[in-house]
Amino acid sequence: MKFNKELDDIKVYEAGKPIELVVREFGVAPEEVVKLASNENPLGTSPRVAETIRAHADKAHLYPDDSMFELKEALSLRFDVREETLIIGAGSDQILEFVSRAKLHPGAKVLMSRVTFAMYEIYARQQGAEILRTPDWRHRPEEFLPLMKEHRPEVVYLCTPNNPTGDAMRREEIFEILDASDPETLVVVDGAYMEYAAAKDSDYAVTPREILEYPNALYLGTFSKAYGLGGMRVGYGIARPEIIRALMKLRPPFNITSLSLAAAIAACGDEEFVAQSVRLHQEQIDRYEAYAREHGFDYIESYTNFITWSFGEELNSSDLAEALLERGVIVRDLASYGLNALRITVGTPEQNDRLFAVMDEVLG
Ligand code: PMP
């Protein structure tokens, strides 16, 4: 059967491996599996939020409030923005899809960093758009700006902090790119990990309000990371109403579930859980930096809830990921991004103990 030619060059997104796979393939008991591959919150979900989800179980037969009034109200209070500047997606992923469908088409161009979140490319290819990448894996204004000037791309992605590398742009670098952008270029500032950057060093963090100063920019945030709701699939976009109105035309009705909606509203009311998650992360990430130094491999300074270890010729990241997997520890191999590196979500102290013990065993 023939399919649209745009699909020919799309590689299916490789999601982090699930616990069930390790149980099935390697016979590891489910409680023994340590999953540090998808940048989920190792503390789980806030108990208050979990209680809300349970309390809403008997309303599962009802469609959710499609206006998402309460969630938008909570977000508008939190970020000090008007409700007309908000759109809610089934994960921020869904908003990325709306962006592509709203702006990209055959002949259109999209610019992103050499190594960045894989879905930008997949959604762009679906629209038949041309993909431009900067030479370096870091987001450097001196690489973005000439490409923006030469190609006038319809969309520019600034993934900061960046997945899968963990590094972040300085605030002034973000503003430098926004200041120089063409009014017809939609600049997406993907802040999926912004809570971690803001806690580590405010020079590397921006707020949605600051991004709203620009008429051609869209800020993306998610409940999947610091808020501990990856399984609920809720993300948000914040931009001038003109942009939000266009994206809303692509939104299917009831695009998040009633349980997800209730969970996200409750999560907005439990900032202490987010603060606790970020604190735990900050304590634990030092151990990963120390382990890398002790074993002679490099790491990228991280502004996210994961760390990227990169290796020289003595280690192959794919072999290492496989050896860890067989022992029940799931991490993310970055070979498909062209890097000899592993991306590891920083876990609880016990999960990290296990990872280091298994690493010791594998490295001999
Ligand atoms: N942007 C980035 C940079 C991400 O890493 C992710 C999740 N891996 C997303 C967006 C999508 O997150 P979600 O759909 O769970 O909100």
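Biologist: Where is Asp80 placed?

Modeller: Asp80 sits in the loop between α3 and β2 (86-89). Please keep in mind that this is a predicted model.

Biologist: What is the phi of Asp80?

Modeller: The general idea comes before the case. Most residues other than glycine have a negative phi. The phi of Asp80 is near 55 degrees, a positive value in a residue other than glycine. Met68, which is not a glycine, also has a positive phi, of about 50 degrees. Met68 is found in the loop between α2 (47-55) and α3 (69-79).

Biologist: Does Met68 count as buried or exposed?

Modeller: A residue counts as buried when its relative accessible area is under 20%. Met68 has 4% relative accessibility, and therefore counts as buried.

Biologist: At what angle do the axes of helix α6 and helix α7 cross?

Modeller: Angles under 35 degrees count as roughly parallel. The axes of α6 (residues 141-151) and α7 (residues 171-180) come within 10 Å and cross at roughly 10 degrees. That is why α6 is described as roughly parallel to α7. On the α6 side, the contact is made by Pro141, Phe144, Leu145 and Met148, and on the α7 side by Glu173, Glu176, Ile177 and Ala180. By class, this contact has 6 nonpolar, no polar and 2 charged residues.

Biologist: Which residues touch the most other members of the largest nonpolar core?

Modeller: This core holds 57 residues, and Leu71, Leu75, Leu158 and Phe223 touch the most other members. Helix α11 (residues 258-268) gives the most to the core, with 6 residues. At least three residues come from each of domain 1 (5-45 + 272-363) and domain 2 (47-270). Leu71 touches several residues beyond four places away in sequence, among them Ile88, Phe223 and Leu261. A second, separate core has 28 residues, including Val99 and Tyr123.

Biologist: How many residues of domain 1 and domain 2 are in contact?

Modeller: In domain 1, 30 residues are in contact with 38 residues of domain 2. The centres of the two domains, taken over C-alpha atoms, are separated by 24 Å.

Methods:
Residues numbered from 1 in each chain as written. Predicted model: local features only at pLDDT ≥ 70, side-chain atom pairs only at ≥ 80, totals over all residues. Heavy atoms only, no water. Core = buried A, V, L, I, M, F, W, Y, C linked by side-chain atoms within 4.5 Å. Buried < 20%, exposed > 50% of the residue type's maximum accessible area, 1.4 Å probe, protein only. Helix = DSSP H or I, 4+ residues; strand = E, 2+ residues; numbered from the N terminus. Domains from an automatic or database assignment. Contact = heavy atoms within 4.5 Å. Axes fitted to C-alpha atoms, helices over the stretch in contact; angles between N-to-C directions. Parallel < 35°, antiparallel > 145°, perpendicular 65-115°, else oblique. Nonpolar A, V, L, I, M, F, W, Y, C, P; charged D, E, K, R; others polar.
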